[in-house]
Amino acid sequence: MLHVVVFGGLEFSPLVIYFPIAFLLAALTRFALHRLDWHDRIWRVAWFEVSLFVCYLALTVYLLGGR
Amino acid sequence: MAKYLRILLTVLVVVAAIFAGRWVWNDYMHSPWTRDGRIRADIVTVAPDVSGWVTNLNITNDQAVKEGDLLFSVDQKRYQAAFNQSKANTENALYSWQLAKHKYERRTALLSQKAISAEDLESSRISTEIAKANYDLAVAQQATAQLNLDRTQVHAPVSGHIINLNLRQGNYVGQGASVFAIVQSDSFYVTGYFEETKIPLVHLNQQAKITLLSGGKPLTGHVVSIGKAIANTNTQSNGQLLPQVQQTFNWVRLSQRIPVDIKLDPLAEETQLSAGMTATIHLTKR
């Protein structure tokens, strides 16, 4: 149920929180893929990672947005 | 086979990202919500109806008052004197009228004895009517003087809280000049400034969830009105009343903000609202 982020009397868009969370999740996924050595099995890794980031972002907005 | 699986996995994730990105975009850009909301209230400004020194100030800043409570008094002496003068004037006019009436009645009796001309009698009758009109005028003037005297006591027009009280005992107040305001009790509402692109998604009686910048439990309410006009900042009139239209050469045009009023549902006792607070508003989708 995060609609706004208030910091020091300033009001920010909740995307300020959602973006780092999605980035962190994408980074964790990338780390896990490297550790499991599945990284080479993926076609067009850059496309995959960017798309995964967008999916994580949508998921974060959906869950934390209270929808 | 493994190669196709690799490709399929990436393609699936890309397609999912397209749909997810589209959903996020729509959620932000095409949902009826705004962060540009303000708590508002009905403000009643208080101005004395007569001029004079403030002799008695019964209120303090932010004090709660009930409708009809005495707020302050303006010096009565001048208005009391004016009233006394009007009263005496009324009595004078009354006696003048009675005298004229008495003369007319006596002259009416004289006419039967042929001791007075018809013209004198008519003159007497008109004098009586003039005296009566003078009396009516004096009564009206006395009523005005009484009203001015009564208006030296300024009472609360509504129940609410006093705001911005800079008035002090001894200050001179002018007729019709506002001296402070009252925030009417239970009159709080929310105005959300929605982008014009979102207005088609806003409907009357639509449920609203209002989140204050101060946090706390969200408030609820429903849409009661959608603004039908806003000012055009791009156009002014010159001395000849011709429109002066500013030239625009913008690549980006900002959407206008349309005010939408939201009536709040009954509030919890502990909710602290002040007119002017910032609020985020989400309307339910239809």
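Predicted model: local features only at pLDDT ≥ 70, side-chain atom pairs only at ≥ 80, totals over all residues.

Biologist: I would like to look closely at the place where the chains meet: how many residues of chain B are in contact with chain A, and how many of chain A with chain B? Please tell me about the surroundings as well.

Modeller: Where the chains meet, 17 residues of chain A are in contact with 18 residues of chain B. On the chain B side, α1 (2-29) and β16 each supply at least two of the touching residues. The helix α1(B) gives the most, with 13 residues. Sorted by class, the side of chain B that touches chain A holds 10 nonpolar, 5 polar and 3 charged residues.

An unreviewed UniProt entry lists residues 7-25 of chain B as "transmembrane region". In the model, that span of chain B is 100% helix and 0% strand, and its end C-alpha atoms are 27 Å apart.

Strand β16 (residues 278-283) of chain B runs antiparallel to β11(B), and 5 bridges join the two. One pair to find on your screen is B:T211 with its bridge partner in β16(B), B:T280. Strand β11 (residues 207-212) of chain B also pairs with β12 (residues 219-226) of chain B, again in the antiparallel sense, over 4 bridges. There, B:I210 has B:L219 as its bridge partner in β12(B). β11(B) and β12(B) form a hairpin with 6 residues between them, and in the turn B:G215 has a positive phi of about 85 degrees. As background, strands of a sheet pair through backbone hydrogen bonds, either parallel or antiparallel.

Chain A has 2 helices and 2 strands, and from the N terminus on its elements run β-β-α-α. The C-alpha trace of chain A spans about 45 × 25 × 15 Å along its principal axes. Its radius of gyration is 15 Å, whereas a compact globule of 67 residues would have one near 11 Å. Of the 67 residues in chain A, 19% are buried. Taking contacts in chain A between residues at least 6 apart in sequence, 54% join residues at least 24 apart.

Stepping back to chain B as a whole, you will find 3 helices and 16 strands. Chain B is more spread out than a compact globule, because its radius of gyration of 35 Å is well over the 19 Å that the globule rule gives for 286 residues. Along its principal axes, the C-alpha trace of chain B spans about 140 × 45 × 35 Å. Buried residues account for 20% of the 286 residues in chain B. For contacts in chain B between residues at least 6 apart in sequence, 77% join residues at least 24 apart.

Chain B is divided into domain 1 (32-41 + 187-283) and domain 2 (45-184). The C-alpha centres of these two domains of chain B lie 46 Å apart. For residues 43-183 of chain B, the unreviewed UniProt entry lists "domain: Multidrug resistance protein MdtA-like barrel-sandwich hybrid". That span of chain B is 49% helix and 21% strand, and its end C-alpha atoms lie 5 Å apart.

There is also an open sheet to trace in chain B, made of 4 strands in the order β6-β5-β3-β8 with antiparallel pairing. Its edge strands are β6 (153-155) and β8 (172-173) of chain B, each pairing on one side only. Within the sheet, 3 bridges join strand β3 (residues 52-57) of chain B to strand β5 (residues 70-74) of chain B. B:L57 has B:F72 as its bridge partner in β5(B).

Finally, here are two loop residues to look up. Most residues other than glycine have a negative phi. B:D62, however, has a positive phi near 65 degrees; B:D62 sits in the loop between β3 and β4 (64-65) of chain B. B:D62 counts as exposed because 11 other C-beta atoms lie within 10 Å. B:L241 also has a positive phi, near 65 degrees, and its place is in the loop between β13 (235-237) and β14 (243-245) of chain B. With 6 other C-beta atoms within 10 Å, B:L241 is exposed.

Technical notes: Residues numbered from 1 in each chain as written. Chains lettered and ligands numbered in written order. Pairing = 2+ DSSP bridges. Rg over C-alpha atoms; globule rule 2.2 N^0.38 Å. Buried ≥ 20, exposed ≤ 12 C-beta atoms within 10 Å, placed from the backbone. Contact = placed C-beta atoms within 7 Å. Nonpolar A, V, L, I, M, F, W, Y, C, P; charged D, E, K, R; others polar. UniProt positions renumbered as here; feature names shortened; annotations may be inferred. Domains from an automatic or database assignment.
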